[in-house]
Amino acid sequence: MARSYRRTPIFGNTTAESEKADKRIANRRWRSAVRCVLNADDDDIPHRREKTNPWDMAKDGKRWMGGVARKRPAMMRK
């Protein structure tokens with residue numbers, strides 16, 4: 001699609017395009033910890049947030065930019 005547009009005006013708070021690499025690292029850490037717990041015959045599986053902090057990732061959340069995006073259609077381009 002040569003001219004595709006966003007449907008919802010939600011943008012990341014920083015200039016990072018994606019958090020894919022950060023999410024992969026976080027899930028690897030969590031799965032490794034779960035494997036260690038299961039191999040030790042322990043039933044206390046750690047919570048995901050115990051192993052990673054979402055605020056350390058590339059984006060610091062998302063923001064709704066409805067009014068600004070309507071005034072500037074270039075923001076809605078993918």
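Is K59 buried or exposed, and which side chain of opposite charge is nearest?

I worked from a predicted model, where local features need pLDDT of at least 70, side-chain atom pairs count only at pLDDT 80 or more, and totals for chains, interfaces and linings use all residues. Residues are numbered from 1 along each chain as its sequence is written, and side-chain values use heavy atoms, with hydrogens and water left out.

Entry on K59. I found K59 in the loop between α2 and β2 (62-64); helices (H or I, at least four residues) and strands (E, at least two) are DSSP runs, numbered from the N terminus. K59 is buried and has no salt bridge. Buried means under 20% relative accessible area, exposed over 50%, partly exposed in between (1.4 Å probe, protein chains only). A salt bridge needs a side-chain nitrogen of Lys or Arg within 4 Å of a carboxyl oxygen of Asp or Glu. The nearest side chain of opposite charge is E19, 5.5 Å away. Leaving out residues up to four places away in sequence, I listed G12, T14, A16, E17, S18, E19 and P54 as touching K59 (heavy atoms within 4.5 Å).

Entry on R48. I placed R48 in helix α2. R48 counts as partly exposed because its relative accessibility is 43%.

Entry on D41. I located D41 in the loop between α1 and α2. Its phi is near 55°, a positive value in a residue other than glycine. I noted D41 as exposed because its relative accessible area is 71%.

Technical notes:
Lys, Arg positive; Asp, Glu negative; His and termini not counted.
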